[in-house]
Amino acid sequence: MKILVTGGAGFIGSAVVRLAVERGHEVINVDALTYAGCLENLDSVKDNPLYSFEQVDIRDRPALDDTFAKHAPDAVMHLAAESHVDRSIDGPGDFIETNITGTYNMLEAARAYWVGAGKPEGFRFHHISTDEVFGSLGDTGMFTEDTPYDPRSPYSASKASSDHLVRAWHETYGLPVVLTNCSNNYGPFHFPEKLIPVVILNALAGKPLPVYGQGINVRDWLFVEDHADALLLVLEKGVLGRSYNIGGENEARNIDIVRKICGILDEKRPKSTKYEEQITFVEDRAGHDLRYAIDPTRIRTELGWRPSVTLDEGLERTVQWYLDNEDWWRALQARDGVGKRLGVKG
Ligand SMILES: NC(=O)c1ccc[n+]([C@@H]2O[C@H](COP(=O)([O-])OP(=O)(O)OC[C@H]3O[C@@H](n4cnc5c(N)ncnc54)[C@H](O)[C@@H]3O)[C@@H](O)[C@H]2O)c1
């Protein structure tokens with residue numbers, strides 16, 4: 001299959017590109033290379049004839065039309081987005097433009113191309129979204145695909161808007177779409193402003209390990225390579241017009257994630273004091289959602305998919321990857337805003 005992947009230079013997009021090429025798909029990576037984009041994530045495929053790159057901003061509709069015409073893809077996997085909740089609190093404008101207007105442009109460019117090509121039967125537009133559109137849970141309950149949308153941050157509201165647009169383009173124009181809503185990812189190539197890489201890298205640097213609020217916020221952690229595998233499965237086997245929740249079956253409180261990472265580092269990079277002693281509780285994120293949890297019944301029963309990596313195994317692999325790839329993360333730490341405290345505006 002020839003797949004046009006947007007956001008392929010990002011954390012999850014690059015995992016999708018690497019896996020798709022490994023499985024023999026042709027991939028066109030469409031990415032604007034914002035502060036979060038990193039072509040080094042694709043070093044392992046950059047010389048593969050199945051891979052090509054187009055530096056295109058999804059806010060630029062004519063450039064998208066040209067890209068569709070040039071490559072004539074069989075399918076689209078749309079991951080390009082502004083993705084950091086803390087940045088959305090400080091500067092929501094980019095989130096509205098890329099996540100909402102950019103998705104609108106992608107839908108219109110894909111529709112024009114699909115109609116022009118005679119509405120090929122197998123064409124798919126796969127929109128990749130987040131479980132954050134469902135809002136925040138209390139101590140119990142799980143998000144199903146039928147949970148009402150209740151986004152609470154500029155990031156999740158912009159992603160919710162994009163999900164609505166994608167469904168509307170299916171109902172109104174018949175565009176063949178599938179959607180996925182996924183829980184928090186972690187793993188290799190995670191940009192060094194998100195919780196898990198921040199903790200690993202601050203620990204190694206002897207800096208405080210910042211834990212927002214009391215550290216009791218719960219996320220359902222999914223290893224990024226498992227997510228990429230699920231996304232390719234939904235693209236190929238998902239029912240048109242349907243959404244699938246994807247979770248890691250790995251719920252954990254932030255403080256417990258931080259302690260686990262400290263324990264792994266105590267083993268792998270021992271020093272005279274325990275890494276846990278660097279934990280520092282800091283002012284909470286504005287409007288911090290308490291708990292997310294995914295009910296994975298649909299993807300499990302309809303498509304037979306389950307995550308393969310446990311939290312302990314995934315964290316161990318992730319810490320080892322950061323220990324082995326210092327050149328990669330050092331270069332990114334110099335980028336705009338990385339390492340600064342963001343997202344505390346009330
Ligand atoms: N990270 C998570 O835990 C998570 C969980 C569920 C869903 N998602 C969704 O998965 C997708 C990818 O997330 P990620 O964590 O890999 O994000 P990321 O921030 O690591 O990567 C985003 C990529 O999109 C590109 N991009 C941004 N704006 C663009 C624009 N206007 N035009 C073209 N390219 C642009 C960036 O250059 C970057 O390469 C997003 O849609 C996100 O909402 C992420």
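Modeller: Let us begin with a definition: axes are lines fitted to C-alpha atoms, for helices over the stretch in contact, and angles run from 0 to 180 degrees between N-to-C directions. Helices (H or I, at least four residues) and strands (E, at least two) are DSSP runs, numbered from the N terminus. This is a predicted model, in which local features need pLDDT of at least 70 and side-chain atom pairs count only at pLDDT 80 or more, while totals for chains, interfaces and linings use all residues. Residues are numbered from 1 along each chain as its sequence is written.

Biologist: At what angle do the axes of helix α8 and helix α10 cross?

Modeller: Two packed helices are described by the angle between their axes and the distance between the axes. Here the axes of α8 (residues 254–268) and α10 (residues 311–324) cross at roughly 55° and come within 10 Å. Angles under 35 degrees count as roughly parallel, over 145 as roughly antiparallel, 65 to 115 as roughly perpendicular and the rest as oblique, and α8 and α10 are therefore oblique to each other.

Biologist: Which residues of α8 and α10 meet?

Modeller: Two residues are in contact if their C-beta atoms, placed from the backbone, lie within 7 Å. By that rule K260, I261, I264, L265 and K268 of α8 meet L315, E316, V319, Q320 and L323 of α10. For classes, Ala, Val, Leu, Ile, Met, Phe, Trp, Tyr, Cys and Pro count as nonpolar, Asp, Glu, Lys and Arg as charged, and the others, Gly among them, as polar. This contact of α8 with α10 then has 6 nonpolar, 1 polar and 3 charged residues.

Biologist: How far apart are the axes of α6 and α10?

Modeller: The axes of α6 (residues 195–205) and α10 are 11 Å apart, and the two helices pack at an angle of about 55°, which makes α6 oblique to α10. On the α6 side I196, P197, I200 and L201 take part, meeting T318, V319 and Y322 in α10, and this contact divides into 6 nonpolar, 1 polar and no charged residues.

Biologist: What is the angle between α4 and α5?

Modeller: The axes of α4 and α5 (residues 154–173) cross at roughly 15° and come within 8 Å, which makes α4 roughly parallel to α5. Their contact includes F95, I96 and N99 of α4 and P154, Y155 and S158 of α5, and by class it has 11 nonpolar, 5 polar and 2 charged residues.

Biologist: Which residues come nearest to the ligand?

Modeller: A residue is near a molecule if its C-beta atom, placed from the backbone, lies within 6 Å of it. Of the 29 residues around the ligand, G7, G10, A32, G37 and A81 come nearest. The shell has 13 nonpolar, 11 polar and 5 charged residues, and its largest share, 3 residues, comes from α1.
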